[in-house]
Amino acid sequence: MINFDDTMDPVLLENSHNDSGRIADFFIEKANDQWVRGETITQLKVQKLLYYAYVWMLVLQNKRLFNEEIEAFEYGPVVRKEYYRLKKYKNSPIKSDVISTDSTLLSQHLRDFLTTIWYAYGKYSSSALVDMTHNEKPWKIAYYSTSKKKKIIKDEDIKAFYKKENADVLLPE
């Protein structure tokens, strides 16, 4: 389970330093570091990892991990900016040459947090992660809304579903 103490690095909690691109690049870098063991990452998997990292930061610290909105697309939660940046890869593995930022710019606390997310969710295939998000209420609420506009997954829906006291149940081991 993800566990933080009250002495967290302020940079971790200051989301203006953490855009979704830096977080996505961290996961791409992590997957490529483990490429030897057969780990690959697709744009779909990056999207789901971004979502779960956002979810657990919001639930456990009551802070948005990055400022971009998360939308409910057909294949699950998506950060539109990263979708456009990575969509050319389709279902192909993303190599580290796409990385545009240096993950060392992220605080050590944030890198530790993202590593925990990686070990909790990175072991799942893209399709398994899609299935997981499709079975969770925040995506369903946004996706099946009658709105003709963007189908934004709301922070309050995330908080209501992934309550802090349920973290040990909802967060895979």
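Author: The conversation below goes through the fold, the helices, the aromatic pairs and some individual residues.

Reader: What kind of model is this?

Author: It is a predicted model.

Reader: How many helices and strands does the chain have?

Author: The chain has nine helices and two strands. Read from the N terminus, their order is α-α-α-β-β-α-α-α-α-α-α.

Reader: And what share of the residues is buried?

Author: Of the chain's 173 residues, 48% count as buried. The chain exposes about 9000 Å², and carbon and sulfur atoms supply 49% of that area.

Reader: What share of the contacts is between residues 24 or more positions apart?

Author: Counting contacts with a separation of 6 or more, 77% are between residues 24 or more positions apart.

Reader: Let us turn to the helices. How many residues of α3 are buried?

Author: In α3, 18 of the 19 residues are buried, so this helix is largely enclosed by the rest of the structure. Helix α3 covers residues 43-61. At 1.5 Å a residue it should span 27 Å, and its end C-alpha atoms are 27 Å apart, which agrees.

Reader: Which other residue has a positive phi although it is not a glycine?

Author: Lys-90 is one, with a positive phi of about 50°. Lys-90 is found in the loop between α4 and α5, and it is exposed, with a relative accessible area of 59%.

Reader: Changing topic, how many aromatic pairs are there?

Author: The structure holds 12 aromatic pairs. One of them joins Tyr-54 and Phe-66; it is tilted, with 5.2 Å centre to centre and 45° between the planes.

Reader: What does that pair tie together?

Author: Tyr-54 lies in helix α3 and Phe-66 in the loop between α3 and β1, so the pair ties together parts that are 12 residues apart in sequence. Both Tyr-54 and Phe-66 are buried.

Reader: Which residues form an edge-to-face pair?

Author: Phe-73 and Tyr-83 form an edge-to-face pair, with 5.4 Å centre to centre and 65° between the planes. Phe-73 is in strand β1 and Tyr-83 in helix α4, 10 residues apart.

Reader: Why does Tyr-83 count as partly exposed?

Author: Tyr-83 has a relative accessibility of 25%. Buried means under 20% and exposed over 50%, so a value in between counts as partly exposed.

Reader: Which rings are linked into a cluster?

Author: Ring pairs link Tyr-51, Tyr-52, Trp-56, Tyr-121, Phe-161 and Tyr-162 into a cluster.

Reader: How many residues are in the largest nonpolar core?

Author: The largest nonpolar core has 43 residues, and those with the most contacts inside it are Phe-27, Trp-56, Leu-65 and Leu-114. Helices α2, α3, α5, α6 and α7 each supply at least two residues of this core. Its largest share, 13 residues, comes from α3.

Reader: Which residues of α5 are buried?

Author: The buried residues in α5 include Leu-110, Phe-113, Leu-114, Ile-117, Trp-118 and Tyr-121. The 14 residues of α5 should span 20 Å at 1.5 Å a residue, and its end C-alpha atoms are 20 Å apart, which agrees.

Reader: Then which residues of α6 are buried?

Author: In α6, residues 126-134, the buried ones are Ser-126, Leu-129, Val-130, Met-132 and Thr-133. Seen down the axis of α6, they fall within an arc of 160°, so they line one face of the helix.

Reader: What do the buried residues of α6 pack against?

Author: They pack against α3, β2, α5 and α7.

Reader: Lastly, where does Tyr-124 lie?

Author: Tyr-124 lies in the loop between α5 and α6. At 26% relative accessibility, it counts as partly exposed. The C-alpha atoms of Tyr-124 and Lys-45 are separated by 8.6 Å, although these residues are 79 residues apart along the chain.

Technical notes: Residues are numbered from 1 along each chain as its sequence is written. This is a predicted model: local features need pLDDT of at least 70, side-chain atom pairs count only at pLDDT 80 or more; totals for chains, interfaces and linings use all residues. Side-chain values use heavy atoms; hydrogens and water are left out. Helices (H or I, at least four residues) and strands (E, at least two) are DSSP runs, numbered from the N terminus. Buried means under 20% relative accessible area, exposed over 50%, partly exposed in between (1.4 Å probe, protein chains only). Contact means heavy atoms within 4.5 Å. Accessible areas come from the Shrake-Rupley method with a 1.4 Å probe; for residues, only the protein chains shown count as cover. The expected span of a helix is 1.5 Å times one less than its number of residues. Rings of Phe, Tyr and Trp (its six-membered ring) pair if their centres lie within 6.5 Å; planes under 30 degrees apart count as stacked, over 60 as edge-to-face and the rest as tilted. The arc is that of the directions from the helix axis to the C-beta atoms. A nonpolar core is a set of buried Ala, Val, Leu, Ile, Met, Phe, Trp, Tyr and Cys residues joined through side-chain atoms within 4.5 Å.
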